[in-house]
Amino acid sequence: MADIFRRHGPAWRSANAGRVSLAQLKVMSAIESCRTAALGGHVERCEDCAHVRIAYNSCRNRHCPKCQAIAAKEWLADREAELLPVPYYHVVFTLPAAIGDIAYQNKAVVYDILFKAAAETLITIAADPKHLGARIGLTAVLHTPGSSPGAGSGARR
Ligand SMILES: [Zn+2]
């Protein structure tokens, strides 16, 4: 995306002047300059072989695919580090479509209820001797429409 923006961005900006918001222009600029000399950087040198590498700074914009890929990777590594040496199961709770609009307008309230209800359900059923008879732990991740796992738009509790 950065290559496309760098190559066609200037022409696109002038063709769409006045129709692009300042916020959108800022995102484009961040993506174009992410990990280039424009944002500065530093030189890394191996102490053993003296190999030198130039590392340019990231834009850290939440819309930048490069930065978000790094953030997703770090998030996954952090979750992996929390895993216990026990079996894990993937369980999906879905909001009924009729609640979709209410959830969109009241994200904090509705998702808080969803997370609490899902956690209570799993803990209660797992504790039942007819099922697992165990005290469990869980990691809950919100997938909103259009988001992909670990893409950064998810929330964790
Ligand atoms: Zn970036």
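Helices (H or I, at least four residues) and strands (E, at least two) are taken here as DSSP runs, numbered from the N terminus. The structure is a predicted model, in which local features need pLDDT of at least 70 and side-chain atom pairs count only at pLDDT 80 or more, while totals for chains, interfaces and linings use all residues. Residues are numbered from 1 along each chain as its sequence is written.

Five helices and two strands make up the elements of the protein chain, and from the N terminus on they follow the order α-α-β-β-α-α-α. The radius of gyration of the protein chain, 22 Å, is well over the 15 Å that the globule rule gives for 157 residues, so the chain is more spread out than a compact globule. That radius is taken over C-alpha atoms, and the globule rule is 2.2 Å times the number of residues to the power 0.38. Along the principal axes, the C-alpha atoms of the protein chain fill a box of roughly 65 × 55 × 20 Å.

The domain assignment, automatic or from a database, gives domain 1 (1–82) and domain 2 (84–157). Taken over C-alpha atoms, the centres of domain 1 and domain 2 are 32 Å apart.

Burial is the next topic. A residue is buried if 20 or more other C-beta atoms lie within 10 Å of its own, exposed if 12 or fewer, and partly exposed in between, with C-beta atoms placed from the backbone. Of the 157 residues of the protein chain, 5% count as buried. In helix α1 (residues 2–15), the number buried is zero of 14 residues, so α1 lies largely in the open.

Note on methods
Expected span 1.5 Å × (residues − 1).
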